[in-house]
Amino acid sequence: MNLLIKNIKQLVAVRSDGKPYKSGTEMRNLGIIEHATVLIQKGLFSWIGPSAEFSQAVDDDIDVIDASDFVALPGFVDSHTHTVFAGSRENEFAMRTEGKTYQEIAEAGGGILSTVRATRVASKKELKKLARHHLDAMLRQGTTTVEIKSGYGLNEDAEIKILHTINELAEESLMDIVPTFLGAHAIPHEFKGNPDDYVDLICKRMLPYIAKHKMAKFCDAFCEQEYFSVEQCRKIFETAKLLGFGIKIHADQLSQIGASKLAIEVGAISADHLEQIDDAGISALKHSEIIATVLPCVSFFLHCGYPPARKIIDAGIPLAIASNFNPGSCMSYSMPLMMTIACTQMSLTPEEAICATTINGAAALGLSSILGSIEVGKQADIILYNVPDYRYLIYHFGTNHVAKVIKHGTYLEF
Ligand code: NIG
């Protein structure tokens, strides 16, 4: 299907000129075109430029959108979510308002393991219905690509059930969905006291099965005190790499145990969280190809410190922002909200925040050669917003400014 979007008031292309990501000061250059036209053919961008320069003959029956009232951006790429789960944890949210911490709640039987209990007893059909509702809402808010982790099953049957759910959603959904295996999300209660046996189960049974059935692109682990040690994560990642998985890691979230250094050692594509990363960790990341992925909602939602995103960008490291949508530490998938928090609490500029939620999010999933920016030859994922200027999207927060969503060249009517 072909589509002409003409007279776009302002086009934020996030052009990267074939580079996989933007680092440091490059993040401020968005390749903005005022009064732009975009031609989409066979689901890909085929012409992009100032409207005054568009002279190509187009078929009479081509669909045309007059975008003179709209600002256009690439679809958001949310590179870190836990979208498949059952139940909810508003009780924990209320406990935190009374001063309990995330760790205290987990020690009292809440936290990840409480969602594991609800998710284990839910059927695949129920999980799909719940997740589909979230995915529809994401798409309406401008997210066109999303990574989804397992990790609320923590036994063979339940982890496989979640991965089946993610893969079936990927088949059926208009969005691009990237599955990640996060069996090492918490120590399940059956293995309390002998976590090494659970690590063995992951390495000897879960990972080989998931690899054989091609159920996940990445393997992730929560490398943290009381969760999985550096040694245990190293064992999981070495096994996963031999089986062909890419590596992602929950690093330096609650404490500093050397997780970001492990990310470099195992060649992870991204190190995510980084609330507690120190200067040595930042300078180590600087000499790697890793995307530093920060999750602004976690600090906002859990009342804890923000990651040093400003320092990370100033060190020249490519930074991505993701929602980390999950029932415990971020019950939101609004990427504009993530950008607003990043700008107000982490000193990012609006331009850096946009780059971090588009091309750099795509790079964190190994997809930046095909999506994440508005460039000729890339997949046509483009969102039109009813705003006067791209910065308005971040400034006027808490409402949905999306006017039209075009995914892979298809205009979606909601
Ligand atoms: O990324 N850190 C581990 N996982 C999630 C929290 C999941 C939960 O609390 O259910 C996170 O914050």
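**An enclosed cavity and the overall fold**

The largest cavity has a volume of about 90 Å³. A cavity is a set of points on a 1 Å grid over the protein atoms alone where a 1.4 Å probe fits but cannot get out. Its volume is the space filled by probe spheres set on the points, which are joined across faces, edges and corners. The model is predicted: local features need pLDDT of at least 70, side-chain atom pairs count only at pLDDT 80 or more, and totals for chains, interfaces and linings use all residues. Residues are numbered from 1 along each chain as its sequence is written, and side-chain values use heavy atoms, without hydrogens and water.

The structure holds 1 cavity of 30 Å³ or more. The largest cavity is lined by 13 residues, where a lining residue has an atom within 4 Å of a point. His82, Tyr102, His185, Asn326 and Ser329 lie nearest the centre.

The chain has 15 helices and 16 strands, taken as DSSP runs (helices H or I, at least four residues; strands E, at least two). The radius of gyration is 21 Å, close to the 22 Å of the globule rule for 414 residues, so the chain is as compact as a globular protein of that length. This radius is taken over C-alpha atoms, and the rule is 2.2 Å times the number of residues to the power 0.38. The C-alpha trace spans about 70 × 45 × 45 Å along its principal axes.

Buried residues make up 60% of the 414 in the chain; buried means under 20% relative accessible area with a 1.4 Å probe, protein chains only.

How values were computed. On a 1 Å grid over the protein atoms alone, a cavity is a set of points where a 1.4 Å probe fits but cannot get out, and a pocket is an open set with protein on both sides within 12 Å along at least five of seven lines; lining residues have an atom within 4 Å of a point. Buried means under 20% relative accessible area, exposed over 50%, partly exposed in between (1.4 Å probe, protein chains only).
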